[in-house]
Amino acid sequence: MKMRNALVLSAALAPIVWAVACGSDVNTATGPAPTVLPADVVALHNSLAPYSSLALAKAAGYSTAITDCMSNGDEGAMGIHFGNTELFDAVVDAAHPEVLIYEPGTNGERSLVGVEFLVPYAAVAATAPAPQLFGQKFVHNDVFGVWALHVWTHRSNPSGLFADWNPRVHC
């Protein structure tokens, strides 16, 4: 009887344990990650400390509002993209993303949630092999004519560290 109770208890607790385990940060667009982020992503995160303030980010060149807050239903949102257009070229630098992404707040404040690395098709043709960074291939964004890679540096994303949309970001 004790064995049967243990099995029933295990079966009842398994979904709860699984849900808690799956609630951890995600490291790739394809699934759960170790709790430790790759060192190069940690370095990127640390390099963005001054940009938690949108005013400081704008003063540093991230002053071009590229989009309004972008949202995609159940897939989540991205936020508002502010770009440093001087960085829009063929060079991919892990410490200097082309775009910072901010979530709008209730009182007009903005919270840094992630970054986007961009390579314009004019610099690397859409038919060329995809640029890569952090072991990830950039994806086509034909609407803006760029190769793109999102990195959710400041807001964990259950869809993946490099996924386009983040259900934990809201517009």
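Guide: Welcome! The side chains of R155 and E103 meet in a salt bridge, with 2.8 Å from N to O. This is a predicted model, where local features need pLDDT of at least 70, side-chain atom pairs count only at pLDDT 80 or more, and totals for chains, interfaces and linings use all residues. Residues are numbered from 1 along each chain as its sequence is written, and side-chain values use heavy atoms, leaving out hydrogens and water.

Visitor: Why is the pair R155 and E103 called a salt bridge?

Guide: The term asks for a side-chain nitrogen of Lys or Arg within 4 Å of a carboxyl oxygen of Asp or Glu. The N to O value for R155 and E103 is 2.8 Å, so the pair meets that rule. By this rule the count comes to one salt bridge.

Visitor: What makes E103 buried?

Guide: Buried means under 20% relative accessible area, exposed over 50%, and partly exposed in between (1.4 Å probe, protein chains only). E103 has 11%, so it is buried. R155, at 22%, therefore counts as partly exposed.

Visitor: Which residues touch the most other members of the largest nonpolar core?

Guide: Among its 25 residues, they are Y51, L100, Y102, F117, F134, L149 and V151. Such a core is a set of buried Ala, Val, Leu, Ile, Met, Phe, Trp, Tyr and Cys residues joined through side-chain atoms within 4.5 Å. A second, separate core of 11 residues includes V99, I101, V113 and L118.
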